[in-house]
Amino acid sequence: MADVKIEKVFKRYGSVQIMHGVGVDIEDGEFVVLVGPSGCGKSTLLRMIAGLEEISEGTISIGGRIVNDVLPKERDIAMVFQSYALYPHKTVFDNIGFPLKMAKRSQAEIKEKVHKAAEILDLTKLLDRYPKQLSGGQRQRVAMGRAIVRDPQVFLFDEPLSNLDAKLRVTMRVEIKELHQRLKTTIVYVTHDQIEAMTMADKIVVMRDGRVEQIGAPLDLYDNPQNVFVAGFIGSPAMNFVQGTIKGSGTKKQFVSDGGLTLPVPATAAADGQAVTYGVRPEHISVGAEGILLRVVVTEPTGAETQIFAKAGKDMMDAIVKERISAAPGEEIGFVIDPANVHLFDRKTERRI
């Protein structure tokens with residue numbers, strides 16, 4: 001096992017700069033997820049850790065050794081890609097054992113390590129099958145087994161679940177997290193799915209446009225987002241945002257949207273006349289007669305919850321409630337917001353106030 005340190009890393013393609021001084025410290029045995037929208041640089045950063053992309057400036061070290069000029073095969077890492085990349089003509093046993101065969105390990109060692117990996121991943125009964133005889137989840141486990149037998153210092157996962165259906169993704173999330181708990185090896189995992197990030201990570205690195213927006217534990221990012229981007233990216237459904245201004249002072253302080261909607265704020269929040277972005281998560285809104293009246297646009301029952309989309313003028317908000325509410329479009333409904341759950345961001349800088 002080993003720590004990974006990324007210090008002031010830049011990446012340029014000619015005159016185009018796509019990474020802007022990225023810095024991340026990954027502790028030994030930590031499960032770190034790089035998350036962000038497509039094109040944010042997360043996969044590029046992972047490939048630089050792996051040695052598949054050159055670093056234009058800065059340093060990356062693994063286990064205390066700077067690896068900028070070290071070949072991928074000498075970095076003691078194992079990578080699992082979005083594509084399973086299995087050999088169709090080889091059995092599961094041979095696919096898993098292939099890295100050991102290429103390293104000219106003995107047949108006894110190959111057999112021992114393959115069977116150990118197969119036991120960890122519940123593949124023992126499938127060792128004689130070929131990839132075409134496996135499900136998508138089983139193929140992904142074979143790809144993981146091929147990485148495990150190398151006994152690397154660091155595992156790198158590049159969106160490994162994106163080709164699987166929704167139900168199988170949930171199962172594989174649990175399996176990968178369980179694998180980490182067993183092996184206690186450092187994992188760097190790339191995904192655009194913030195649910196994967198929230199449920200799997202010890203630490204999340206939120207990226208945008210080649211920069212790190214915020215680093216923290218999943219619930220820290222959920223409870224205390226530093227800016228509008230992180231607040232909107234972390235959490236599903238996404239946080240409600242309304243543009244407006246703070247009015248009044250002390251206990252009489254309110255938020256008034258550009259469309260005239262009045263919403264509660266903490267007494268300590270912002271100054272009178274300050275232009276802000278008002279944020280509140282759908283799950284932090286309840287329904288009641290004492291709430292702010294909005295007109296229902298759509299209700300989406302899921303069984304366990306009901307998602308309600310409603311608007312006042314041009315301001316749209318949605319709420320997630322446990323009750324089974326059947327409100328017709330156009331019907332007025334009261335949204336109850338606890339000021340303690342409100343997030344305020346400066347309109348200009350988009351930073352949390």
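I began with handedness: a crossing is left-handed if the near helix is turned anticlockwise from the far one by less than a right angle, and right-handed if clockwise. By that rule, I logged the crossing of α2 and α4 as right-handed.

**Ground rules.** I am working on a predicted model, where local features need pLDDT of at least 70 and side-chain atom pairs count only at pLDDT 80 or more, while totals for chains, interfaces and linings use all residues. I number residues from 1 along each chain as its sequence is written, and my side-chain values use heavy atoms, with hydrogens and water left out.

**Helix pair.** I took helices (H or I, at least four residues) and strands (E, at least two) as DSSP runs, numbered from the N terminus. I looked up α2 (residues 92–102) against α4 (residues 136–148): their axes come within 7 Å and cross at roughly 35°. Those axes are lines fitted to C-alpha atoms, for helices over the stretch in contact, with angles from 0 to 180 degrees between N-to-C directions. On the α2 side I noted Val92, Asn95, Ile96 and Pro99 in the contact, and on the α4 side Val142, Gly145 and Arg146. Contact here means heavy atoms within 4.5 Å.

**Helix α1.** Next I checked cover, with buried meaning under 20% relative accessible area, exposed over 50%, and partly exposed in between (1.4 Å probe, protein chains only). Helix α1 (residues 42–50) is mostly covered, with seven of its nine residues buried. I listed Lys42, Thr44, Leu45, Leu46, Met48, Ile49 and Ala50 as buried. Glycine 51 follows α1, and its phi is positive, near 90°.

**Salt bridges.** I counted 13 salt bridges in the structure, each a side-chain nitrogen of Lys or Arg within 4 Å of a carboxyl oxygen of Asp or Glu. Lys11, Arg47 and Glu53 are linked in a network of them.

I then took three pairs one by one.

- Glutamate 109 bridges to lysine 113, with the closest N and O atoms 3.4 Å apart. The two sit four residues apart in helix α3 (residues 107–120), so about one helical turn separates them. Glutamate 109 is partly exposed at 23% relative accessibility, and lysine 113 is partly exposed at 26%.
- Aspartate 202 and lysine 177 meet in a salt bridge (3.4 Å, N to O). Aspartate 202 lies in the loop between α6 (194–200) and β9 (203–208) and lysine 177 in helix α5 (residues 166–183), so the pair ties together parts 25 residues apart in sequence. Aspartate 202 is partly exposed at 34%, whereas lysine 177 is buried at 18%.
- Arginine 208 meets glutamate 213 at 3.2 Å, N to O. I have arginine 208 as partly exposed at 27% and glutamate 213 as buried at 16%.

**Isoleucine 195.** I found this residue in helix α6. Isoleucine 195 is partly exposed, at 32% relative accessibility. Leaving out residues up to four places away in sequence, isoleucine 195 touches Arg173 and Ser236. Its C-alpha atom is 10.0 Å from that of proline 218, 23 residues apart along the chain.

**Surface patch.** Last, I looked at Val297, Val298 and Met316, which form a nonpolar patch on the surface with about 200 Å² of accessible area together. Patch members have over 30% relative accessible area and no salt bridge; like charges are joined within 9 Å, nonpolar side chains (Val, Leu, Ile, Met, Phe, Trp, Tyr) within 5 Å. Areas come from the Shrake-Rupley method with a 1.4 Å probe, and for residues only the protein chains shown count as cover. I placed methionine 316 in strand β17 (residues 315–321). Methionine 316 is partly exposed, with a relative accessible area of 37%.
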